[in-house]
Amino acid sequence: MHADSILNDHDHHTHGHSHPNGLTRWLTTTNHKDIGTLYLCFSLAMFLFAGALAMLLRTELFQPGLQLFQPNVFNQLTTMHGLLMIFGAIMPAFVGFANWQIPLMIGAPDMAFPRLNNWSFWLLPAASVLLLGSFLAPGGAVSGGWTMYPPLYIQGGPAYDMTILAMHIMGLSSIMGSINIITTILNMRAPGMTLMKMPMFVWTWFITAYLLIAVMPVLASAVTMLLTDRHFGTHFFNAAGGGDPVMFQHIFWFFGHPEVYIMILPAFGILSTIIPTFSGKPLFGYTSMVYATASIAILSFIVWAHHMFTVGMPTAGQIFFMFSTMLIAVPTGVKVFNWIATMWQGAITFETPMLFAIAVVCLFTIGGFSGLVLAIVPVDIQLQDTYYVVAHFHYVLFSGAAMSIMGGVYYWLPKWTDRMYDERLGQWHFWLTTIAFNITFFPMHFTGLAGMPRRIPDYALQFADFNMISSIGSFVLGASQLLFLYTVVKCVRSGKPASGKPWEGADTLEWTLPSPLPYHTFETAPVVR
């Protein structure tokens, strides 16, 4: 099936309907590109808002002594920052990339279920309104952190129920999006594109989608049990009624650990796209990359209790989870090795996407090493719930996932908009983000090793200097994301026209298919010849 015939099919499918524009177009669109754009815009808005919450947290921590917030408000901000960054910013951004790029990369006219695709997206703003509304509900938002551990749920007001419902709706959106992605990849590849010829980004999303379908119902079951404990007299997690609060942790982290990989595997796919392009070489060890991605996904299901080394599990359990956690370092190391080998002796050019990709490889590796440190049971028992853990997962999730998203946006913006972003602004954004990120989170390794507990609005005087450094870094980090917003808007509105292939090394299908497709509503199913 040729790109031109795809475009002609699109024209036929409109069946003479007038093309809606304005708000109606965005509400009713079934075009994968429009929906990808919606996801990315929504994600950016949530990223900026959740980042603003983090800056409020850092303002409180700027010096010891309570300045701005009472402890319960501080904890509510922590909860909202975590939930919005995970379910509002990082995951929707990756789904936006998937919507835009997967059909282009496999030569499909659109996603397999265009209308389901529309619904998957529009559930997200509804869920976010619920989540943000919990701030205003009596008693305020959940103050138990984003993990929502019992028995804290006993005090939570209606806000707790709003949060639980929001989690359900977001899970539903993720499951439907994943079914769509898997069906599209399995059924709509262009002739001749076998699974082992798919671009790495498609592979990482294919595996991620299976992870989502496997773990989202687990989260749903955990929060449903919380709900029935609160309102229907069950005692799943209430020790007084024969329940077990630690059981919640097991169920939650059986979802939560694969979730961490759901947020990083698509980032690996983006890196595996950017690095070969700017190294002027094909990806080193493609087959091993596919197997490494699948191994990470499978292993992610047997390491969940490394979040729980301090709950009193038997030594045999601790040892099992310690070693299985260390095992995940092997396929991850394979990936890092392959990216470095791809760059080795390549004709590297350092445009903004490549700068982000290189930074991700370096900083994510630091996050991986601190993860190995935390995998060691006796060490983890000391560092549990300190700022060392905060440093670790921000090196994985900010410099791993969020900075990969930024690199991906710079890489594909010329494809999406037919315009070039301002390279000078992109580089400024990169350097400000990278430096401020390290100033913010690197000192947390030290405060954590010295024993400063996380999720607490006040601290001993000995931690004052490092906290001030972290807070200043966070203000610069937050401000530099406004530069990102400006750069993207400027590109969309007044960027210089991009050439057909703005990046020299990009010879893949996605760059040869024409970019903006005509509007369609798929009144009938797309014809795939």
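These legends go with close-up views of a predicted model.

**View 1. Helices α16 and α17 cross each other.** Look for α16 (residues 423-449) and α17 (residues 464-494), whose axes come within 8 Å and cross at roughly 155°. Angles over 145 degrees count as roughly antiparallel, so α16 and α17 are roughly antiparallel to each other. The crossing of these two helices is left-handed. Where α16 contacts α17, the residues divide into 17 nonpolar, 12 polar and 1 charged.

**View 2. Arg 455 sits in the loop between α16 and α17.** Most residues other than glycine have a negative phi. Arg 455 is not a glycine, yet its phi is positive, about 60°. With 25% relative accessibility, Arg 455 counts as partly exposed.

View 3. Several residues of α12 are buried, among them Pro 331, Val 336, Trp 339 and Met 343. What covers the buried residues of α12 includes α7 (200-231), α9 (265-279), α10 (286-299), α11 (315-327) and α13 (352-375). After α12 comes Gln 345, with a positive phi near 60°.

**View 4. The loop between α5 and α6 holds Met 148 and Pro 151.** The helices on either side are α5 (114-133) and α6 (158-187). Met 148 has a positive phi, near 55°, and counts as buried at 0% relative accessibility. Now find the peptide bond from Pro 150 to Pro 151: this bond is cis, with omega near 5°. Most peptide bonds, by contrast, are trans.

Key: Residues are numbered from 1 along each chain as its sequence is written. This is a predicted model: local features need pLDDT of at least 70, side-chain atom pairs count only at pLDDT 80 or more; totals for chains, interfaces and linings use all residues. Side-chain values use heavy atoms; hydrogens and water are left out. Axes are lines fitted to C-alpha atoms, for helices over the stretch in contact, and angles run from 0 to 180 degrees between N-to-C directions. Helices (H or I, at least four residues) and strands (E, at least two) are DSSP runs, numbered from the N terminus. Angles under 35 degrees count as roughly parallel, over 145 as roughly antiparallel, 65 to 115 as roughly perpendicular and the rest as oblique. A crossing is left-handed if the near helix is turned anticlockwise from the far one by less than a right angle, and right-handed if clockwise. Ala, Val, Leu, Ile, Met, Phe, Trp, Tyr, Cys and Pro count as nonpolar, Asp, Glu, Lys and Arg as charged, and the others, Gly among them, as polar. Buried means under 20% relative accessible area, exposed over 50%, partly exposed in between (1.4 Å probe, protein chains only). Contact means heavy atoms within 4.5 Å.
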